[in-house]
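Trainee: Before I rely on any of the labels attached to this structure, I would like to know what each of them rests on. Could we take them one at a time, setting each value against its rule?

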Amino acid sequence: MEQTLPELVTRLDGLEKSLGMATTINSEVFYWWCTALMLAIHAGFLAYEMGASRAKNALASGMKNLIAFAFLVPSFYYVGWWIYLAFPTGFSIADGSEAGLPWSTNMGPNLADNASGIFFAAFTLFAATTASIMSGSVIERIRISGFTILAIFLGAVVWILGASWGWHPDGWLTTVWGLHDVGAAGCVHTVAGFFTLGVLINLGPRIGRFTADGKLVNIAGHNMPMSLIGLMLIVMGFFGFLGGCIIYTGDTWTTIYNTPATLSAFAFNTLMGVSGGMIGAYLVTRDPFWMMSGALIGVISSASGLDLYYPGFAFLISFFGGCLMPKLNDILVEKFKIDDAVGAVAVHGFGGVWGVLAVGLFASGYPNVAGPDISLGGQFASAVVFMVLGFVPGYTLSYVLKVFGLLRVSEAAEIAGLDKVEVPASAYPESSIPAFENDPVSPSPAE
């Protein structure tokens, strides 16, 4: 049947609208599942940290993760998302930031807005990841209340300010210095790692971690298999994390900086990074815990340039990171007496710095849409900003908590076990294993 020209135009308009809505819905669904997959990171951190704790501290280690996650969601809703939209150019409030205010029409059910809620959800999970990075380092002696305060400030204020500066298409680190950090090695991992370092300095080592003459004493977790399973869950969750770092436009993909990319590049280099980091860490330590931590190191080492690297080269960058970070952790613990229970400062802090610098070393000259081309100087300067942004608030806030007695549990509580003091439950109520079995440090053999 013949149709008139107006009828054809009407049908064409309808098809275009349907296609546009399909693109919008596909994007919404993609980030929905990225967010869901990122929850595996937190299941992984939960198992990882409980396994790395002694039996007397297992539940307290897990509980602080769960509580921090619960508090971070509303904190990020009321504060964090607005910070990201408000401060890309520095400390002046950007136009359009009102869309992130909790009373904005964008911050609730709105049939005209299919983007705000889904991006808020993904960024909230990124925020929770920063808190989880800190969580493992401080096990067995931090107060749950003090940790929760630190986690909220890190996740809802500090890291997202770094993301606004360096993980935003208009962020000044990109527009002024040409920062390229597509997988958030800088704004997530470096910031969280150096925030953690500041906290650890004030928190101090666990009782018995060092002998009277400064010798390092090993404190083994009660369940290494649980920790290894947890680490593997974190690796799985990183596919959701990195999926949330790429922008779906309907007909193509771009990075957070609007430069062209493909999900295939992310897939190639994420897998090669995981394997490179695992192999490197295993070869230098022969330790299963560090081998799986090497998987995280590998992802972080390649994260900033996932869109640019040849897969074989991503493997080498991550392999180098896997070889180097355990050694840096040894220096931090043995020389500087920083008791990082799971090596998070080395894995995330120093690993994040290496990831940012690697792009400057091996991808200089690649153009950005806004700002100068990638350069080693720009990447280095941006890494310094992330380190300072993480360390100063972490050290300052933890010092204040320490002054008011809110940072660390008492010596008696630490020796008895945090589960008895902080959690009204027992992790293994039917077990006859004494709390200190195979534990050389409570009390210390030197005492």
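Mentor: Let us begin with the sulfur atoms: a disulfide is a pair of cysteine sulfur atoms within 2.5 Å. By that rule, a search of the whole structure finds zero disulfides. Keep in mind that this is a predicted model, in which local features need pLDDT of at least 70 and side-chain atom pairs count only at pLDDT 80 or more, while totals for chains, interfaces and linings use all residues. Residues are numbered from 1 along each chain as its sequence is written, and side-chain values use heavy atoms, with hydrogens and water left out.

Trainee: What makes the pair of glutamate 140 and arginine 54 a salt bridge?

Mentor: The term asks for a side-chain nitrogen of Lys or Arg within 4 Å of a carboxyl oxygen of Asp or Glu, and here the N to O distance is 3.0 Å, so the pair qualifies. Glutamate 140 lies in the loop between H3 and H4, and arginine 54 in the loop between H1 and helix H2 (58-86), so the pair ties together parts that are 86 residues apart in sequence. Those helix labels come from DSSP runs numbered from the N terminus (H or I, at least four residues; strands are E, at least two). Both glutamate 140 and arginine 54 are buried.

Trainee: Which salt bridges does aspartate 339 form with arginine 141 and with arginine 206, and how do you know that they count?

Mentor: With arginine 141 the N to O distance is 3.8 Å, and with arginine 206 it is 2.9 Å, so both fall within the limit for a salt bridge. Aspartate 339 lies in the loop between H10 and H11 and arginine 206 in the loop between H6 and helix H7 (224-243), so this pair ties together parts that are 133 residues apart in sequence. At 2% relative accessibility aspartate 339 counts as buried, and arginine 141, at 0%, is buried as well. The search of the whole structure finds seven salt bridges, and Arg54, Glu140, Arg141, Arg206, Arg209 and Asp339 are linked in a network of them.

Trainee: Why is the aromatic pair of phenylalanine 123 and tryptophan 159 called stacked?

Mentor: Rings of Phe, Tyr and Trp (its six-membered ring) pair if their centres lie within 6.5 Å, and planes under 30 degrees apart count as stacked, over 60 as edge-to-face and the rest as tilted. By this rule the count comes to 30 aromatic pairs. For phenylalanine 123 and tryptophan 159 the values are 6.3 Å centre to centre and 25 degrees between the planes, so the pair is stacked. Phenylalanine 123 is in helix H3 (residues 116-137) and tryptophan 159 in helix H4 (residues 144-166), 36 residues apart. Phenylalanine 123 is buried at 4% relative accessible area, as is tryptophan 159 at 0%.

Trainee: What makes the charged end of lysine 64 one that sits over the ring of phenylalanine 147?

Mentor: The rule wants NZ of Lys or CZ of Arg within 6 Å of the ring centre and within 35 degrees of the ring normal. The charged end of lysine 64 is 4.9 Å from the centre of the phenylalanine 147 ring, and that of arginine 286 sits over the ring of tyrosine 282 at 5.3 Å from its centre.

Terms used:
Buried means under 20% relative accessible area, exposed over 50%, partly exposed in between (1.4 Å probe, protein chains only).
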